[in-house]
Amino acid sequence: MAPFDSLFDAFHGEALLASPALVRFTDLLGGPAADDALARLDRELDWQQPRLRLYGREHPIPRRQVWMGDARYRYSGRDFLPTPWHPTVVAIRDAVIRRLAEAGQAARFNSVLLNRYATGQERMGWHSDDEPELGPAPLIASVSLGTDRPLRFRWKDHRAPAFNVDQPHDSLLLMGPGTQAELEHALPARRHAGLRISLTFRWIPPAAR
Ligand SMILES: O=C(O)CCC(=O)C(=O)O
Ligand SMILES: [Fe+2]
């Protein structure tokens, strides 16, 4: 996979960070298709709320999720068996691959975590997607549908202040190689927020499965 060697221009996405590359693309699917994808995923997926162990106690995660794709996945110390690909998710995956190809970035994805936030109280805590099975410098593509909820980033070495990235309906945020090693991200609670679904596409090398 070719590394990012230059910033994208406006047509190719909006560069939020140069190194590591953090790039946002808008209008991924196009109005009605994005609205339809949100409604279908909300309705047709079997959304799960697993309990995870944190500091010795079990809590249900404060959102719902579905693991999908070809690769078994380990997350917060638990093994997840993926759900088979849903046609809407395949269409979104292929739109991501097309958009990245237009921007000069070859990418492939065999696994996706879908997150569903019903209200502003539902959220995701600070983490990096740095599980060993993702490899040393993963490229993660995150698609947002529904309410715009900012993703908050902070540098692990505190070299610069934390910052928010808006994630409008039908946008794609590309977290390039190095993002997981150098930064953490979180989806903080918001006082007022409606339904949001995100899809974070990943590649898990077959050797790790
Ligand atoms: O919902 C979001 O925007 C964040 C999702 C995320 O960080 C993840 O799936 O690892
Ligand atoms: Fe993440």
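UniProt, in an unreviewed entry, places the feature "domain: Fe2OG dioxygenase" at residues 108–205. UniProt positions follow the numbering used here, feature names are shortened, and annotations may be inferred rather than shown by experiment. This is a predicted model: local features need pLDDT of at least 70, side-chain atom pairs count only at pLDDT 80 or more, and totals for chains, interfaces and linings use all residues. Residues are numbered from 1 along each chain as its sequence is written, while chains are lettered from A and ligands numbered from 1 in the order in which they are written.

**Confidence**
- The chain has a mean pLDDT of 91 (pLDDT is the predictor's confidence in each residue, from 0 to 100).
- In the chain, 91% of residues reach 70 or more.
- Residues 1–10 have pLDDT below 50.
- Beyond near neighbours in sequence, this stretch has 13 contacts in the model (C-beta atoms, placed from the backbone, within 7 Å).
- Where pLDDT is low, the predicted coordinates should not be read in detail.
- For the complex, the predictor gives an ipTM of 0.99 and a pTM of 0.92.

**The annotated stretch**
- Residues 108–205 are 4% helix and 44% strand.
- Helices (H or I, at least four residues) and strands (E, at least two) are DSSP runs, numbered from the N terminus.
- The end C-alpha atoms of this stretch are 11 Å apart.

**Around ligand 1**
- The shell around ligand 1 consists of L113, N115, M124, D129, S142, L151, Q167, H185, L187, S198 and T200.
- Two or more shell residues come from each of β8 (111–117), β14 (183–187) and β15 (196–202).
- The shell holds four nonpolar, six polar and one charged residue.
- Here Ala, Val, Leu, Ile, Met, Phe, Trp, Tyr, Cys and Pro count as nonpolar, Asp, Glu, Lys and Arg as charged, and the others, Gly among them, as polar.

**Strand β10**
- Strand β10 spans residues 140–146, and seven of its seven residues are buried (20 or more other C-beta atoms within 10 Å of their own, with C-beta atoms placed from the backbone).
- β10 runs antiparallel to β13 (residues 171–175), joined by five bridges; strands pair if DSSP finds at least two bridges between them.
- S142 has L173 as its bridge partner in β13.
- β10 also runs antiparallel to β15, joined by six bridges.
- There, S144 stands opposite S198.

**Residue D36**
- D36 lies in helix α1 (residues 31–44).
- D36 counts as partly exposed because it has 14 C-beta neighbours inside 10 Å; exposed would take 12 or fewer, and partly exposed falls between that and buried.
- D36 and T88 are 52 residues apart in sequence, yet 9.2 Å apart in space, C-alpha to C-alpha.

Technical notes
A residue is near a molecule or strand if its C-beta atom, placed from the backbone, lies within 6 Å of it. Two residues are in contact if their C-beta atoms, placed from the backbone, lie within 7 Å.
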